[in-house]
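Here is a short report for a reader new to this structure. Look over the sequence and the model first, then follow the text through the sheets and the helix pairs.

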Amino acid sequence: MMKITGLSHLFKWENLHNWWLTKYFFALKKTGLNASDPRLKDCMDKLQRSVTESFHDVMMDRELFHKCVGGNIVLLIQAFRKKFIIPEFDAFVTKIDQIYDTVQKNHDGHVAVYIPHLAKFSPDLWGVSLCTVDGQRHSVGESKQPFCLQSCVKPLEYAVAIHEAGTEKVHRYVGMEPSGLKFNKLYLDEEDKPHNPMVNAGAIVISSLIKPGSNKAEKFDYVMDFIKKMAGQEYVGFSNATFQSEKETGDRNFAIGYYLKEKKCFPRGAEMIDALDFYFQLCSIEVTCESGSVMAATLAHGGICPITGERVLSAEAVRNTLSLMHSCGMYDFSGQMAFHVGLPAKSGVSGAVLLVVPNVMGVMCWSPPLDKVGNSVRGIHFCQELVSSFNFHNYDNLRHFVKKQDPRRQDGDDRVRDFWRCVSPQKTNLVIKLMQSHCIVCFTTRHLL
């Protein structure tokens, strides 16, 4: 029977076969990795199968543990050696939870009522999820409750259009300037184009540029496939009730559609009614805070989904999308958002705020009460508190600037060595030692040793 140095006195020997799984999951969670991470599926399946087959017969010994984790050795070395973008993840999410609690006390704003289905949501609902570019995850509050993307789909459909057709073609039909007007205004720029893809007129035109010549069902499946890949195949659904509400109460959008048709804003062969119907469908796509945060992290990671490693969008598409989210993403609050928060973001009247910290993480906030311009009150408040605590604002890292916390840096007692020195013939033993060390640190913090 193996001896677990430094921890064995905490457990009864007869329970030692459970130690590896219990402490493995505990140590893993401290790094930010979820047991449900697709990259760890093979490891988790083997662990579960081994425990099921060996229960009451064979202990979970070192050899069996080596066999189970061997296929994920590089990821696990990164995790336990604190080589992820946010190394002290546990301390970071403790602060995130504090911000969440502070923001929860904000009861300003009103739930949108002009789309009947949205009016049914409680104003008390409040959820936040984040996902880093390394796949570290954290959620708090109503993070599993589905809600419609609404205008948060605009940067996603724009990214798909750029990925498919390229910048030059897309911007023949849509501009790239902030409008300074309400998102649903019947107004075009001096070239008779919608000002940008983040207002309704621009998004309706963009919907006509995706998969030209295909029917509505094919177009919808095409975009849904992209969004599911961005979300790492986590929850992405469709609310038919919201779709019907959109069509029944969408007089302003129909007016915009006919105005765009009059001004010949659509590409040749595109039908305005089809484009509008497709736009309503896209606004009715459902996500959760958890799946939405992975989508945001895919944008933060340059178009590569952090939990699958799949390239979903081109670098060009991501750069363009983040640029427009930064300048135009928050309706006529975009200037203030850029000034105070300094990060690309997009809001929707469902109460969603999709926030991107480039090269670090993606965040999805959701709370239905809106302010007077249509942004989630708690969502905006959370973003402001986030950059007040951490140096995530685009210009926080200027030389001689007042310093905030930087979660990307390690503590003074940094035990990390060069990653490639870790990958050796004894690499699995190293993971076990690192995991034990990580557990000891975690337990010491809680005065259990």
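Axes are lines fitted to C-alpha atoms, for helices over the stretch in contact, and angles between N-to-C directions run from 0 to 180 degrees. With that in hand, take α5 and helix α16 (residues 377–389): their axes come within 10 Å and cross at roughly 140°. α5 and α16 are therefore oblique to each other. The crossing of α5 past α16 is right-handed.

**Confidence**

This is a predicted model. The protein chain has an average pLDDT of 86, and 83% of the residues score at least 70. Over residues 1–17 the pLDDT is below 50; this stretch has 31 contacts in the model beyond near neighbours in sequence. Residues 412–425 also stay under 50 in pLDDT, and the model has 18 contacts for them beyond four places in sequence. Where pLDDT is low, the predicted coordinates should not be read in detail.

Strand β1 (residues 127–132) pairs with β2 in the antiparallel sense over 5 bridges. Gly127 has Gly141 in β2 as its bridge partner. Cys131 has Arg137 in β2 as its bridge partner. The hairpin of β1 and β2 has 4 residues between the strands, and in it Gly135 takes a positive phi near 85°.

Another open sheet has 3 strands in the order β3-β5-β4, with antiparallel pairing. Its edge strands are β3 (147–148) and β4 (236–238), each of which pairs on one side only. β3 and strand β5 (residues 285–287) pair in the antiparallel sense over 2 bridges. Cys148 stands opposite Glu286 in β5.

Helix α9 (residues 216–230) packs on this sheet and touches β4 and β5. The direction of α9 makes about 150° with that of β4.

**Two helix pairs**

Now back to the helices. Helix α11 (residues 251–262) and helix α12 (residues 272–283) pack with their axes 10 Å apart, at an angle of about 140°. That makes α11 oblique to α12. α11 passes α12 in a right-handed crossing.

Which residues meet in this pair? From α11 come Asn253, Phe254, Gly257, Tyr258 and Lys261; from α12 come Met272, Ile273, Leu276, Tyr279 and Phe280. The residues of this contact divide into 7 nonpolar, 2 polar and 1 charged.

In the other pair, Lys95, Ile96, Ile99, Tyr100, Val103 and Gln104 of α5 meet Arg378, His381, Phe382, Glu385, Leu386 and Ser389 of α16. By class, the contact of α5 with α16 has 6 nonpolar, 3 polar and 3 charged residues.

The table sets out the two contacts.

| Helix pair | Angle and axes | Residue classes in the contact |
|---|---|---|
| α11 and α12 | about 140°, axes 10 Å apart | 7 nonpolar, 2 polar, 1 charged residues |
| α5 and α16 | roughly 140°, axes within 10 Å | 6 nonpolar, 3 polar, 3 charged residues |

Key. Residues numbered from 1 in each chain as written. Predicted model: local features only at pLDDT ≥ 70, side-chain atom pairs only at ≥ 80, totals over all residues. Heavy atoms only, no water. Parallel < 35°, antiparallel > 145°, perpendicular 65-115°, else oblique. Left-handed = near helix turned anticlockwise from the far one by under 90°. Contact = heavy atoms within 4.5 Å. Nonpolar A, V, L, I, M, F, W, Y, C, P; charged D, E, K, R; others polar. pLDDT = per-residue confidence, 0-100. Pairing = 2+ DSSP bridges.
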